[in-house]
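Biologist: I have a model open on my screen and would like to learn how to read it. Could you walk me through a few features?

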Amino acid sequence: KGIGNIVHFESKALEVSEEVAAANLYQEFVRKVIPEEQIAALQTNLHRNSAVLAALEKDCGIDSDSVTKFKIGWDAALKRVVFPVYDRFEQCVNLRLYKLPSHRKKDGSEDHLKVINAKGYGGCDLFSWPLFLSFEIDKPVFVMPSEKEMILGIQGGLQCVCATAGELSWPSDATEFFDGFEIYIVA
């Protein structure tokens, strides 16, 4: 029998669909992935919490269309807004956990930190890869300081991205994809 490719082989060997086989291989050999079910549950948490939705729009300017577009969620245990981070292969590889200004404590605990990564995840990624891959080359790209400002720029009709590790960082493996774009860095 012909084996085809590694995904086909894994699918046949484990008797799973090729989609499941591809996800398994990615997680084992490329990078740990956050399941879509977890992201969907976080989204449901946010949609059920009208106070947080209102605070997100009032404090940050992020509207309901962007909440849906970027799959923004709510981690009730940590009391943080969740920005899922997808890589260029559309795998969720991190959750950026944002503390709303009205929820931050100034006691030196983790609750005073504006943004943290989900436990066991992190690194410097491009937010948002899926959106960036649809950008038009004849329009400028704005590199924004954070996910929040990046989303506000998108809401304003701009082509925006940001690095997920802060303003002084950049995912070096993303640089080649910007060839031909006019780029503006907003600090």
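This is a predicted model: local features need pLDDT of at least 70, side-chain atom pairs count only at pLDDT 80 or more; totals for chains, interfaces and linings use all residues.

Biologist: What is the strand order in the open sheet of 4 strands?

Modeller: In general, strands of a sheet pair through backbone hydrogen bonds, either parallel or antiparallel. Helices (H or I, at least four residues) and strands (E, at least two) are DSSP runs, numbered from the N terminus, and two strands pair if DSSP finds at least two bridges between them. Here the order is β5-β7-β6-β8, with mixed pairing. β5 (126–127) and β8 (183–185) are the edge strands with a single partner each, so one side of each has no neighbour in the sheet.

Biologist: In which sense do β6 and β7 pair?

Modeller: Strands β6 (residues 141–144) and β7 (residues 159–163) are parallel, over 4 bridges. Val143 stands opposite Val161 in β7.

Biologist: How many disulfides does a search of the whole structure find?

Modeller: A disulfide is a pair of cysteine sulfur atoms within 2.5 Å, and the search finds 0. The sulfur of Cys92 has its closest cysteine sulfur in Cys162, 14 Å away, which is too far for a bond. For Cys160, the closest cysteine sulfur is also in Cys162, at 9.4 Å, again too far for a bond.

Biologist: Is Asn94 buried or exposed?

Modeller: Buried means under 20% relative accessible area, exposed over 50%, and partly exposed in between (1.4 Å probe, protein chains only). Asn94, in strand β3 (residues 92–98), is buried at 0%. Contact means heavy atoms within 4.5 Å; leaving aside neighbours within four places in sequence, the contacts of Asn94 include Phe83, Asn117 and Tyr121.

Biologist: Which residues have the most contacts inside the largest nonpolar core?

Modeller: A nonpolar core is a set of buried Ala, Val, Leu, Ile, Met, Phe, Trp, Tyr and Cys residues joined through side-chain atoms within 4.5 Å. The largest has 37 residues, and Leu56, Ile72, Val81 and Met150 have the most contacts inside it. Among the elements supplying at least two residues each are α4 (50–60), β2 (80–86) and α7. A second, separate core of 10 residues includes Ile39, Leu42, Ile116 and Ala118.

Technical notes
Residues are numbered from 1 along each chain as its sequence is written. Side-chain values use heavy atoms; hydrogens and water are left out.
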